[in-house]
Structure formats: C-alpha cells, structure tokens
Amino acid sequence: MDSPHPERATPTAPSGEAGFIALEWALAIVTLLIPMVLIGAGVSRWPEHQQAARAAAAEAARAAVVAPTAEEADGIARTVAAEVAAHYGIDPSAVAIAFAAPTWDWGEEITVTVTVEMPTLDVPGIGSWSATDWSTSSTQRIEDYRGFG
C-alpha cells in the first residue's frame, strides 16, 4: 500500500548528533540545577543565623549591664555572645561582637552589636562559604539606683 503522503520522508538524525539532547540535559543539571540547590540550602539557613544573632546580642547586653566595670562588661558580653552562638550551632569564629558604652555610670545605655556570617553556598560534606554578613544590636540601660563595686 502506498503512503498517503509520498512526499514526506521519515526524518533521520544526521550522523554525530545521536544522544546530543541527553548530553545537553546532563550539562543543564550540572550547571544550573545543582548550584541552585546548593545556594538554596545555604540561604535557607539565614533566618536561623539571624535569630542566633538577635539572641546573642540580647543575652550579651543583659549580662554586660550588671558588670561592675566597662572592661568586665566587654569581656562578659563577648563570652556570652559566643556561647549563645555556639548553642545555636554557629561557629564562634563566624561571630563578631562589638561593645559600646559611652560612660559607665547610672542611667547610661550600653549597646552590644553582634555580626554573624551568613552562609551563601552550602555543600554537604565539604563546607559552607559566606559572601555576606548580618548585624543586629541590643541596648540595655544601667540601673539608676545600682551600686558599683
């Protein structure tokens, strides 16, 4: 029986192009999908790191405000912030703490600023890399009727 459309021929792949789509698909997965998943895994941990920084700043300011001197308050703030970050599973070396107290007197305010590195790329089994950081501060007031030393 003759074909109803004799002018149409069955398409054939030119030699050398067989399997080319499979190769493109594999390259697309490696170059697009896997990096997006790794970046998504890193960025998805940002809220956790932000909460850890907030908690570290608040706890460090609360602990520092009861110290008898500014020097002791600075040391206490740094220790407490590092401990809180460690409890959240953040490496203390990825946390920077700044302590500010204009004067150490009744009614003055102290401020503790915590800066934490934000994971940008997270490769399971290898590690994570950070391209940005995030800072938060907490301010506490030295009690008006507190006795020093």
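S138 is located in strand 3, which covers residues 127–141. Helices (H or I, at least four residues) and strands (E, at least two) are DSSP runs, numbered from the N terminus. The model is a predicted one, in which local features need pLDDT of at least 70 and side-chain atom pairs count only at pLDDT 80 or more, while totals for chains, interfaces and linings use all residues. Residues are numbered from 1 along each chain as its sequence is written, and side-chain values use heavy atoms, with hydrogens and water left out.

With a relative accessibility of 12%, S138 counts as buried. The term buried stands for under 20% relative accessible area, exposed for over 50%, and partly exposed for values in between (1.4 Å probe, protein chains only). When neighbours within four places in sequence are left aside, S138 is in contact with A57, A58, A61, I110, T111 and V112. A contact here requires heavy atoms within 4.5 Å.

The protein chain contains three helices and three strands, and their pattern along the sequence is α-α-α-β-β-β. Of its 149 residues, 27% count as buried. Among contacts in the protein chain with a separation of 6 or more, 59% are accounted for by residues 24 or more positions apart. The accessible surface of the chain is about 9,800 Å², and 60% of this belongs to carbon and sulfur atoms. Accessible areas come from the Shrake-Rupley method with a 1.4 Å probe; for residues, only the protein chains shown count as cover.

Helix 2 consists of 19 residues and spans 27 Å from its first C-alpha to its last, close to the 27 Å expected at 1.5 Å a residue. The expected span is 1.5 Å times one less than the number of residues in the helix. Buried residues in helix 2 include H49, A52, A53, A55 and A56. A57, A58 and A61, which are in contact with S138, are also among the buried residues of helix 2.

The largest nonpolar core has 29 residues, of which I90, V95, F99, W104, I110, V112 and V114 touch the most other members. Helix 2 (46–64), helix 3 (70–87), strand 1 (95–100) and strand 2 (109–123) each supply at least two residues of this core. The contribution of helix 2, nine residues, is the most. A nonpolar core is defined as a set of buried Ala, Val, Leu, Ile, Met, Phe, Trp, Tyr and Cys residues joined through side-chain atoms within 4.5 Å. In soluble globular proteins, nonpolar side chains tend to be buried together.

One aromatic pair was found in a search of the whole structure. The pair is formed by F99 and W104 and is tilted, with 6.4 Å from centre to centre and 45° between the planes. Rings of Phe, Tyr and Trp (its six-membered ring) pair if their centres lie within 6.5 Å; planes under 30 degrees apart count as stacked, over 60 as edge-to-face and the rest as tilted. F99 is buried, at a relative accessible area of 18%, and W104 is buried as well, at 17%.

Three salt bridges were found in the whole structure. A salt bridge is a side-chain nitrogen of Lys or Arg within 4 Å of a carboxyl oxygen of Asp or Glu. One of them joins R62 and E59, whose closest N and O atoms are 2.7 Å apart. Both residues lie in helix 2, three residues apart, about one turn of the helix. R62 is partly exposed at 44% relative accessibility, and E59 is partly exposed at 36%.

In helix 3, the side chains of R78 and D74 meet in a salt bridge with an N to O distance of 2.9 Å. R78 and D74 are separated by about one helical turn, because they are four residues apart in helix 3. R78 is partly exposed with a relative accessible area of 37%, and D74 is partly exposed with 24%. A further salt bridge connects D144 with R141, where the closest N and O atoms are 2.8 Å apart. Here D144 is partly exposed at 37% relative accessibility, as is R141 at 46%.

A94 lies in the loop between helix 3 and strand 1 and is buried, with a relative accessible area of 16%. The C-alpha atoms of A94 and T115 are separated by 8.3 Å, although the two residues are 21 residues apart along the chain. Apart from neighbours within four places in sequence, A94 is in contact with T115, V116 and E117.
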